[in-house]
Protein chains: 2
Amino acid sequence: MVRFFVEPEALLGDTLTLTGENAQHAKVLRLKQGEEVLVCDGQEQECLCAVQSTGSGQLVLDVKERREPASEASVKVSVYMAFPKADKLEHVIQKATELGAFEIIAFPSARCISRPDDKSLKKKLERWQKIALSAAGQSGRGRIPQVLTLSSYQEALHRAATADKALLFYENEQAVTLKMALSSGGYQTVSLLTGPEGGLEETEVVQAREAGLQVCTLGKRILRCETAPLCALSAVMYDAGEF
Amino acid sequence: MVRFFVEPEALLGDTLTLTGENAQHAKVLRLKQGEEVLVCDGQEQECLCAVQSTGSGQLVLDVKERREPASEASVKVSVYMAFPKADKLEHVIQKATELGAFEIIAFPSARCISRPDDKSLKKKLERWQKIALSAAGQSGRGRIPQVLTLSSYQEALHRAATADKALLFYENEQAVTLKMALSSGGYQTVSLLTGPEGGLEETEVVQAREAGLQVCTLGKRILRCETAPLCALSAVMYDAGEF
């Protein structure tokens with residue numbers, strides 16, 4: 001089913017009027033009267049609607065049902081990723097959105113080569129949020145994960161530590177597997193923290209333990225910095241019974 | 001540790017002599033006498049060696065220990081992917097190699113837009129195998145997954161069906177999850193089959209069931225054709241106790 005994202009205010013009332021890009025998209029799709037579409041606020045709500053009329057740069061819809069987004073995961077997973085080089089963060093945002101991440105948070109760490117300044121960050125955040133929106137639409141999600149950046153590693157640790165399961169993946173950890181870390185079950189929120197290309201420094205791993213994160217391994221093979229968060233996210237979704 | 005890949009014949013004897021690209025790479029790395037390196041045949045064996053001498057376009061090594069590749073997964077997972085467009089197969093080969101796939105097999109299906117002809121396939125296979133080699137080296141694997149292509153969907157089904165768990169992922173399947181399909185445990189070989197951009201046709205899914213594959217879902221969100229195999233592979237490796 002076609003899915004449109006609008007601001008939450010635009011979901012009020014029994015009739016919705018979509019304009020701008022959404023109306024253009026509707027025109028391209030040649031939607032017909034009576035056809036069903038979904039209109040989502042990208043957060044808490046989605047409306048199942050029927051097309052009332054199209055044309056004149058607007059799409060008018062009758063609301064048939066209001067509901068919580070039906071394709072959201074039961075577990076809220078926050079993906080914390082140290083700023084990688086080039087377009088790897090974009091790749092992770094797109095894939096993590098498809099895989100059902102609740103939010104994606106980028107932060108600096110000691111070995112980060114890429115550290116966007118405040119000026120470029122604003123533009124980048126807009127771009128990143130658009131990637132999340134597009135991936136949410138394509139994968140049939142009613143919720144768009146928020147993309148955030150934090151200004152320090154310490155801030156990332158303290159924010160991540162508030163989850164039921166707060167996990168950091170480190171290539172030199174051998175004893176504790178992700179499976180062990182999740183074995184107690186009953187978690188509703190999970191933080192997954194991974195390092196940049198050069199990995200995390202040992203002192204950073206110590207700081208993470210002190211902040212309350214559990215340090216785990218993702219196995220015997222060294223994963224690239226853009227592969228590790230997606231591998232961990234897939235496994236957590238599997239463990240949580242999503243598929 | 002630095003890792004070199006050589007032909008199996010080059011692993012015979014107590015002293016190994018590496019030439020060509022490997023010797024050039026050793027020069028760039030400025031390897032010193034006594035330093036330990038790994039030499040792998042990319043299949044069954046790896047040799048832990050100490051540098052005896054460098055220079056004159058060759059690297060001479062003393063073999064200290066012969067062993068099976070230490071970082072291979074206990075479960076052999078074959079990734080069957082319908083030919084996707086553009087460079088998506090390259091992406092899957094790189095990531096699936098990191099994630100520990102045993103082999104990657106591309107095949108045509110009804111909705112494949114990309115169907116390389118025999119002429120271009122030979123060149124492409126060489127390129128794909130190089131990507132697997134490079135990813136194996138970077139992720140610390142001693143085995144290079146083989147990249148194969150098959151000429152028909154039927155051939156893919158029959159080859160895939162020989163595994164202990166032969167699974168096909170279909171977005172319209174809702175009842176059987178991957179977790180259910182793996183719940184009996186005790187598997188040593190797994191086939192994961194996924195469709196192209198436009199998905200598999202319903203008749204193809206019926207054919208797969210007839211060939212003995214189990215049809216499963218990867219959850220409520222629609223995954224892109226390059227995301228699905230990597231998500232499934234991560235989950236299988238997790239289930240099998242790899243991390």
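1. How many residues does helix 3 of chain A have, and how far does helix 3 reach from its first C-alpha to its last? Helix 3 (residues 118–139) has 22 residues and reaches 31 Å. That is close to the 32 Å expected at 1.5 Å a residue. The expected span is 1.5 Å times one less than the number of residues. Helices (H or I, at least four residues) and strands (E, at least two) are DSSP runs, numbered from the N terminus.

2. Ground rules. This is a predicted model, in which local features need pLDDT of at least 70 and side-chain atom pairs count only at pLDDT 80 or more, while totals for chains, interfaces and linings use all residues. Residues are numbered from 1 along each chain as its sequence is written, chains are lettered from A and ligands numbered from 1 in the order in which they are written, and side-chain values use heavy atoms, with hydrogens and water left out.

3. Buried means under 20% relative accessible area, exposed over 50%, and partly exposed in between (1.4 Å probe, protein chains only). An α-helix has 3.6 residues a turn, so residues three or four places apart point the same way. Contact here means heavy atoms within 4.5 Å. After helix 3 comes A:Gly140, with a positive phi near 80°.

4. Cysteines. The search of the whole structure finds 0 disulfides over all chains. A:Cys49 is in none; the nearest cysteine sulfur, in A:Cys47, is 5.2 Å away. A disulfide is a pair of cysteine sulfur atoms within 2.5 Å. A:Cys49 is buried, at a relative accessible area of 0%.

5. Salt bridges within a chain. There are 28 salt bridges over all chains. The rule asks for a side-chain nitrogen of Lys or Arg within 4 Å of a carboxyl oxygen of Asp or Glu. A:Glu72 and A:Arg141 form one such pair, at 2.7 Å from N to O. The pair links distant parts of the chain, 69 residues apart. A:Glu72 sits in the loop between strand 5 (59–67) and strand 6 (76–82), and A:Arg141 in the loop between helix 3 and strand 8. A:Glu72 is buried at 15% relative accessibility, and A:Arg141 is buried at 1%.

6. B:Glu65 and B:Arg67 form a salt bridge with their closest N and O atoms 4.0 Å apart. B:Glu65 is partly exposed at 37%; B:Arg67 is partly exposed at 27%. In chain A, a network of salt bridges links A:Arg3, A:Glu46, A:Glu65 and A:Arg67.

7. Interface extent. On chain B, 38 residues are in contact with 38 residues of chain A. The two chains bury about 3300 Å² between them, with 53% of it on carbon and sulfur atoms. In chain B, B:Arg221, B:Tyr238 and B:Phe243 lose the most area to chain A, together 26% of what that side buries. Buried area is the accessible area (1.4 Å probe) that two parts lose on being put together, summed over both.

8. Interface bonds. The count between chain B and chain A is 6 salt bridges. In one of them, B:Glu98 pairs with A:Arg224, the closest N and O atoms being 3.4 Å apart. This pair runs from helix 2 (residues 88–98) of chain B to the loop between strand 11 (214–216) and helix 7 (228–239) of chain A. B:Glu98 is buried, at 2% relative accessible area. B:Lys95 pairs with A:Glu226 at 2.7 Å between the closest N and O atoms.

9. Polar contacts across the interface. The rule finds 24 residue pairs in polar contact between chain B and chain A (both at pLDDT 80 or more). A polar contact is a pair of N or O atoms within 3.5 Å; within protein, one must be able to donate a hydrogen and the other to accept it, and residues adjacent in sequence count only if both atoms are side-chain atoms.
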